[in-house]
Amino acid sequence: MTKITVNDNGPLRLEGDFTITDATGKLFGLAGRQVISLCRCGQSANKPFCDGQHARQGWQSACEARDLPPPKPRI
Ligand code: FES
């Protein structure tokens with residue numbers, strides 16, 4: 001199972017069983033990490049990973065969990 005937590009004013013935290021690939025499908029080597037944070041503010045110098053820049057920049061975004069509407073059918 002993989003858990004993704006949308007941290008207030010910070011990154012997406014992934015925990016559990018996951019892989020991360022680039023756009024070509026090449027795997028990022030995560031050195032066995034089972035917890036990792038992905039940048040959500042766009043300011044990390046180590047994208048896609050969080051480097052703490054969100055805090056230094058005072059970036060703010062709080063996302064409360066909610067239900068999405070059903071997906072639109074693809075034509
Ligand atoms: S969320 Fe941490 S550097 Fe962007």
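For the entries below, I count two residues as in contact when they have heavy atoms within 4.5 Å. I also keep in mind that this is a predicted model.

Entry: contacts. I started with Leu 38 and skipped its neighbours within four places in sequence. What is left in contact with Leu 38 is Pro 11, Leu 12, Leu 14, Ile 20, Pro 48, Phe 49 and Cys 50.

Entry: core. Which residues make up the largest nonpolar core? I found seven residues in all: Leu 14, Phe 18, Ile 20, Leu 30, Ile 36, Leu 38 and Phe 49. In soluble globular proteins, nonpolar side chains tend to be buried together.

Entry: the cis bond. The peptide bond from Lys 47 to Pro 48 is cis, and its omega is near 10°. I placed Pro 48 in the loop between strand S3 (35-38) and helix H1 (53-57).

Entry: positive phi. Asn 9 is not a glycine, yet its phi is positive, about 60°. I found Asn 9 in the loop between strand S1 (2-6) and strand S2 (12-16). Ala 31 also turned up, with a positive phi near 50° in a residue other than glycine. Ala 31 sits in the loop between S2 and S3.

Entry: accessibility. Is Ala 31 buried or exposed? Its relative accessible area is 71%, and exposed means over 50%, so I noted Ala 31 as exposed. Asn 9 has 34%, so I noted Asn 9 as partly exposed.

Terms used: Residues numbered from 1 in each chain as written. Predicted model: local features only at pLDDT ≥ 70, side-chain atom pairs only at ≥ 80, totals over all residues. Heavy atoms only, no water. Helix = DSSP H or I, 4+ residues; strand = E, 2+ residues; numbered from the N terminus. Buried < 20%, exposed > 50% of the residue type's maximum accessible area, 1.4 Å probe, protein only. Core = buried A, V, L, I, M, F, W, Y, C linked by side-chain atoms within 4.5 Å.
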